[in-house]
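Work through the exercises below with the sequence and structure at hand. Each task is followed by a solution in steps.

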Amino acid sequence: MAVDLKRELLRLLNEDEEFRYAVAGRIGILEILKRLDKLEEGQNKLWENQEKLWEEVRSLREGQNKLWESNNRLWEEVRDLRYAFSRLEGRVDRLEKRVSKGFAELGSALGVTYEMHANAYIQVLLEELGYPDARVGGGYVLKDGEVLEIDMFCEEPLVVGEVTTRLKDEQEAGREISKLLEKAEAVSSKYRKKPSMTVLSVDVAPENVVEKLRTEAEKHGIKLILGREIEEAVSA
């Protein structure tokens with residue numbers, strides 16, 4: 001009988017958790033067992049959190065490596081851009097020198113008018129831009145039965161320009177811009193394409209008029225050439 005009871009008690013201790021805790025409580029270790037269970041759960045959570053932290057650290061390292069790679073590529077692109085810009089600056093400098101030299105040769109003849117200077121300046125510029133056969137001079141266009149005289153004209157590439165020696169005030173500047181736009185529109189209608197370059201060349205104008213011209217030229221896509229720029233080209 002005692003042996004059977006002992007076996008039953010052992011079975012209950014192994015299989016019945018409630019019975020096991022009841023016995024443990026009776027002998028004073030119930031609280032210890034509960035705390036051990038909680039400690040085990042806490043330790044498991046700590047291990048899980050630690051693993052998550054390591055995963056985040058690995059992700060951060062991968063992200064940092066990608067950032068360094070992107071940064072290196074960016075610096076390479078910056079170096080390439082600087083090199084390209086440096087080469088472009090050199091080409092622009094050479095172009096300006098050649099334009100100045102060519103214009104000086106064209107303008108060295110005695111008795112050349114400002115209009116001829118301006119046309120020669122644009123012709124040399126076009127040659128340097130890849131149009132060696134370009135010819136710039138005066139021209140005419142018909143609009144609504146009226147013949148409009150064009151001070152500066154080139155058929156290929158299509159260039160339309162207005163040349164004036166002096167503008168006294170902003171009103172005159174506005175009228176000159178309007179005349180140029182009217183002629184450019186008439187030429188565009190005739191050739192069924194917009195001019196590659198629309199030019200306004202002014203020899204002398206007060207500073208406030210020059211500022212007005214710059215504003216309007218930028219607004220309408222007009223290339224503004226002042227007399228002092230041409231003088232600098234001639235004297236260069």
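**Exercise 1. Confidence**

Task: In this predicted model, find how many contacts beyond four places in sequence residues 107-111 have, and decide how to read them.

Solution. Where pLDDT is low, predicted coordinates should not be read in detail. For the chain as a whole, the mean pLDDT is 80, and 70 or more is reached by 81% of the residues.

**Exercise 2. Fold layout**

Task: State how many helices and strands the chain has, and give their pattern along the sequence.

Solution. Start with the count: there are seven helices and five strands. Then read along the sequence, which gives α-α-α-α-β-β-β-α-β-α-β-α. Next, take the contacts between residues at least 6 apart in sequence: 57% of them join residues at least 24 apart.

**Exercise 3. Surface**

Task: Determine what share of the chain is buried, and whether V147 is buried or exposed.

Solution. Of the 236 residues in the chain, 28% are buried. The chain exposes about 17200 Å², and carbon and sulfur atoms supply 52% of that area. V147 lies in strand β2, which spans residues 146-154. Its relative accessible area is 56%; the cut-off for exposed is over 50%, so V147 counts as exposed.

Notes:
Residues numbered from 1 in each chain as written. Predicted model: local features only at pLDDT ≥ 70, side-chain atom pairs only at ≥ 80, totals over all residues. Heavy atoms only, no water. pLDDT = per-residue confidence, 0-100. Contact = heavy atoms within 4.5 Å. Helix = DSSP H or I, 4+ residues; strand = E, 2+ residues; numbered from the N terminus. Buried < 20%, exposed > 50% of the residue type's maximum accessible area, 1.4 Å probe, protein only. Areas by Shrake-Rupley, 256 points an atom, 1.4 Å probe, with all protein chains shown as cover.
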